[in-house]
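Visitor: Please show me the structure. I have a list of questions about it.

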Amino acid sequence: MAMIVLFLALLGLTNGLNINIERQCDKINPKVDLSDTFSENIAHAIHSMTVQGLRLFNPKVTEKNSVPTVNHNVSAPDLVVPYAPDDPIGHDFNTDVMNTIDHILSHIGLSDDGLGPYWSPIERVAHNFHMWDLWYRVHEEFESTVRDNPPKQDVCDCLMDTDHNGIRAAVQWVAEHYKSGTPITLLNRPIPKLTDAATWQVWKDRLLHYYDNNAAHDAALYLYCATKDF
């Protein structure tokens, strides 16, 4: 019965419902403006987070963080790890863009990039650059609305309690679905293989779902809390 309840809860989340199983962080302080889908929005923003991404928000961040992410080792029994890993790019090329592409392609077939076996090379590139682009979008929100008006400690305590507020469950959902496909959102909608301009348009529309103000603000609040104490 417990597994059925969890499945229904996760299904609710993927349909845009707030399934904060035990802790409803958006109810603590309405002035903070957390959306009722904060757990989904935050989970999408952090599921592939790295130390390098967190350093957009605080350059002092280390691997001793508490941001749950999909395990890069896709063959490990624990699909989610309780921290964002250090994942630096190399310096063989002259630009960060080319060094990032090199980093992505150099891990194809090694089962250590967290994506599983179903992503094509171009899909892996699109996913990586999308995550960085989204983190920059969240950082814009962080600078414009959160840095000078940060959430109080009670809100941060709730947001960082990811085992009970739905965030870790949503990251787990992503990790589980990487076993069978390429879930680029938590909307539980079919996604085509990325093969041409038409399929890219579908991918683009889905990816942009998390760029609106509500989603970016949710993630910015969480990332303030996750990085403030370094």
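The questions below go from confidence to helix packing and then to single residues.

Visitor: What is the average pLDDT of the chain?
Guide: This is a predicted model. In the chain, 90% of the residues score at least 70. The chain average is a pLDDT of 88.

Visitor: Which element of the chain has the lowest mean pLDDT?
Guide: Over residues 1-20, pLDDT stays under 50. The model still has 33 contacts beyond four places in sequence for that stretch. At the other end of the scale, helix α3 (residues 51-54) has the highest mean, 98. The lowest mean, 36, belongs to helix α1 (residues 2-14).

Visitor: How many residues of the contact of α2 with α9 are nonpolar?
Guide: From α2 come Phe38, Asn41, Ile42, Ala45 and Ile46. From α9 come Asn214, Ala215, Asp218, Ala219, Tyr222 and Leu223. Two residues of this contact are polar and one is charged. The nonpolar residues number eight.

Visitor: At what angle do α5 and α9 pack?
Guide: Their axes are 8 Å apart. The arrangement makes α5 roughly perpendicular to α9. The angle is about 75 degrees.

Visitor: How many charged residues are in the contact of α5 with α9?
Guide: α5 brings Arg137, Val138, Glu141, Phe142, Thr145 and Val146. They meet Asn213, Ala216, His217, Ala219, Ala220, Leu221, Leu223 and Tyr224 in α9. The contact has nine nonpolar and three polar residues. The charged ones number two.

Visitor: Which helices do the buried residues of α6 pack against?
Guide: In α6 (residues 153-160), the buried residues are Val155, Cys156, Cys158 and Leu159. They cover an arc of only 160 degrees around the axis, so they sit on the same side of α6. Their packing partners are α2, α7 and α9.

Visitor: Is Ile42 buried or exposed?
Guide: Ile42 lies in helix α2. Beyond four places in sequence, Ile42 touches Leu159, Ile167, Asp218, Ala219 and Tyr222. Its relative accessibility is 0%, so Ile42 counts as buried.

Visitor: What separates the C-alpha atoms of Ile42 and Val171?
Guide: Along the chain, Ile42 and Val171 are 129 residues apart. In the model, the separation of their C-alpha atoms is 9.1 Å.

Visitor: What is the relative accessible area of Thr69?
Guide: Thr69 belongs to strand β1 (residues 69-70). Leaving aside neighbours within four places in sequence, its contacts include Ile46, Met49, Leu79, Val81, Tyr83 and Val171. Thr69 is buried, and its relative accessible area is 1%.

Visitor: Is Thr162 buried or exposed?
Guide: Thr162 is in the loop between α6 and α7. Leaving aside neighbours within four places in sequence, Thr162 contacts Pro68, Ile167, Arg168 and Tyr222. With a relative accessible area of 8%, Thr162 is buried.

Visitor: Is Asp33 buried or exposed?
Guide: Asp33 is in the loop between α1 and α2. Its phi is near 65 degrees, a positive value in a residue other than glycine. The cut-off for exposed is over 50% relative accessible area. At 52%, Asp33 therefore counts as exposed.

Visitor: What is phi of Ser111?
Guide: Ser111 is found in the loop between α4 (96-105) and α5 (121-146). Ser111 is partly exposed, with a relative accessible area of 39%. The phi value is positive in this residue other than glycine, near 60 degrees.

Visitor: Which residues is Ile108 in contact with, leaving aside its neighbours within four places in sequence?
Guide: Ile108 is found in the loop between α4 and α5. At 35% relative accessibility, Ile108 counts as partly exposed. The contacts are Pro121 and Arg124.

Note on methods
Residues numbered from 1 in each chain as written. Predicted model: local features only at pLDDT ≥ 70, side-chain atom pairs only at ≥ 80, totals over all residues. Heavy atoms only, no water. Contact = heavy atoms within 4.5 Å. Helix = DSSP H or I, 4+ residues; strand = E, 2+ residues; numbered from the N terminus. Nonpolar A, V, L, I, M, F, W, Y, C, P; charged D, E, K, R; others polar. Buried < 20%, exposed > 50% of the residue type's maximum accessible area, 1.4 Å probe, protein only. pLDDT = per-residue confidence, 0-100. Arc of directions from axis to C-beta. Axes fitted to C-alpha atoms, helices over the stretch in contact; angles between N-to-C directions. Parallel < 35°, antiparallel > 145°, perpendicular 65-115°, else oblique.
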